[in-house]
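This briefing is meant for someone meeting the structure for the first time.

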Amino acid sequence: MKINFHKSDLITINVDECRAKSFAQIFCCNIGSFPIKYLGVPLHYDKLRRKDLQPLIDKIIKGISGWLGRYLTFKGKIVLLCACIVSIPAYLMAFVKFPKWAINAINSQMAHFLWGNMGDQHKFHLAKWGLVSRKKDFGGLGIPNIRDYNMALLASWGKIFFMNNSGDWKNVITYKYDVNCPNIFWTRTKFGSPFWKSVSWALQASTNFYHWKIGNGANISFWHDVWAGECSLKVSFWKLFDICNQQECVVGQVWDGITLRLSFRRCVDHSGLSDWGMLINHIKNYPLSDSTDTPVWDLESKGIYSVKSFYKCINFGGVVSPFGHSLWKTLCPQKIHVFLWLCLYNKSLTRDNVAKRIIIEDKSCLFCSEDESIQHLFLECVNSSLI
Ligand SMILES: [Zn+2]
């Protein structure tokens with residue numbers, strides 16, 4: 001193997017131009033500049049600018065716009081979006097936190113494809129993208145939510161970090177970001193490379209779904225991490241945490257399995273004393289050992305992080321759909337599934353919904369004089385009930 005210097009670029013950091021030129025002459029190659037592409041990922045010592053990311057986003061958008069939506073059914077479009085859309089940028093999403101403008105651009109192109117906008121022909125977007133990009137279990141159409149996938153993919157670096165016992169990259173991260181103080185979830189996010197900031201953003205969101213199996217207590221934050229019971233001790237014993245002098249301590253520093261060495265800013269009252277007794281009794285159930293502390297992922301039975309489980313959790317809109325997946329399992333033609341879904345959320349283009357978008361003079365039902373709505377057509381209209 002020989003290095004082809006004519007095809008290589010010399011990229012320098014903090015080196016003046018004259019020296020860079022002389023180095024380039026020695027190696028007989030050109031002087032390059034950041035960002036460079038390495039294994040398909042744009043690399044830069046600074047934040048990636050819009051013009052650096054734009055070609056990659058354009059490529060994704062071009063992929064979607066190339067699909068011929070007019071020859072597909074609505075259900076077919078959903079299947080195509082679900083099957084293909086995440087796989088195109090997935091690799092990049094595991095390294096780069098997509099900025100808002102990029103996510104909006106991809107979402108907008110997906111929405112145009114789904115609702116059938118072609119060239120100058122404009123069709124109504126019947127439902128908000130937030131609803132459309134929710135999982136079917138939670139009442140959406142199951143189209144991938146790019147932002148949520150981005151977060152779930154970036155958070156998987158936590159799993160890679162915990163599963164690798166050694167490795168140069170782990171040593172670099174450990175040294176540079178002080179990840180043992182007390183653990184990777186509490187590292188400084190204001191400093192560091194854009195990549196590390198992206199990973200920290202995702203890891204902080206995933207912290208809530210980890211609990212710690214205690215070993216020697218060196219990597220567990222006494223108050224902030226969940227290691228004794230279902231929630232962190234600062235939540236269970238807020239009054240004590242509030243006046244504690246060692247709010248950022250690790251378990252091993254203050255707890256040896258028998259004595260709890262904490263001090264407080266002021267004297268505790270009667271209820272504080274009873275809390276103190278309860279706290280000691282509570283943590284006595286979690287004895288220390290010589291092994292290292294292990295994080296356990298709460299959303300998987302095996303306790304190991306998975307992108308799927310985290311995506312499902314952050315994609316949950318807060319309200320469980322009463323129909324959930326059952327609507328899509330009903331034995332009927334596929335287009336009826338979509339129609340039922342639109343009716344369920346009152347998104348079908350009945351005249352009351354059309355009137356919200358354009359001015360129409362006649363809002364009345366075709367069969368009677370009442371205003372036309374989903375409720376009226378399917379439940380209240382005397383004439384349509386006879387059909
Ligand atoms: Zn009617």
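Predicted model: local features only at pLDDT ≥ 70, side-chain atom pairs only at ≥ 80, totals over all residues.

**Helix 7 with helix 9**

- The axis of helix 7 (residues 146-163) comes within 8 Å of the axis of helix 9 (residues 194-206), and the two cross at roughly 90°.
- Because of that angle, helix 7 and helix 9 are described as roughly perpendicular to each other.
- On the helix 7 side the contact involves Met151, Leu154, Ala155, Trp157 and Gly158, which meet Ser198, Val199, Ala202, Leu203, Ala205 and Ser206 in helix 9.
- Sorted by class, this contact of helix 7 with helix 9 contains eight nonpolar and three polar residues, with no charged residues.

**Helix 7 with helix 14**

- Helix 7 also packs with helix 14 (residues 307-315), at an angle of about 140° and with the axes 9 Å apart.
- This angle makes helix 7 oblique to helix 14, and the crossing of helix 7 past helix 14 is right-handed.
- Asp148, Tyr149, Met151, Ala152, Leu153, Ala155 and Ser156 in helix 7 are in contact with Val307, Phe310, Tyr311, Ile314 and Asn315 in helix 14.
- The contact of helix 7 with helix 14 has nine nonpolar residues, two polar residues and one charged residue.

**Helix 2 with helix 5**

- The axes of helix 2 (residues 50-65) and helix 5 (residues 100-115) come within 9 Å of each other and cross at roughly 10°, which means that helix 2 is roughly parallel to helix 5.
- Leu53, Ile57, Ile60, Ile61, Ile64 and Ser65 in helix 2 meet a set of residues in helix 5 made up of Ala102, Ala105, Ile106, Gln109, Met110 and Phe113.
- By class, the contact of helix 2 with helix 5 divides into ten nonpolar and two polar residues, and no charged ones.

**Annotated region**

- An unreviewed UniProt entry carries the annotation "transmembrane region" for residues 78-98.

**Backbone details**

- The peptide bond from Phe34 to Pro35 is cis, its omega being near 0°, and Pro35 is placed in the loop between strand 2 (30-31) and strand 3 (36-38).
- Cys28 has a positive phi of about 55° although it is not a glycine, and Cys28 is found in the loop between helix 1 (17-27) and strand 2.

How values were computed
Residues numbered from 1 in each chain as written. Axes fitted to C-alpha atoms, helices over the stretch in contact; angles between N-to-C directions. Helix = DSSP H or I, 4+ residues; strand = E, 2+ residues; numbered from the N terminus. Parallel < 35°, antiparallel > 145°, perpendicular 65-115°, else oblique. Contact = placed C-beta atoms within 7 Å. Nonpolar A, V, L, I, M, F, W, Y, C, P; charged D, E, K, R; others polar. Left-handed = near helix turned anticlockwise from the far one by under 90°. UniProt positions renumbered as here; feature names shortened; annotations may be inferred.
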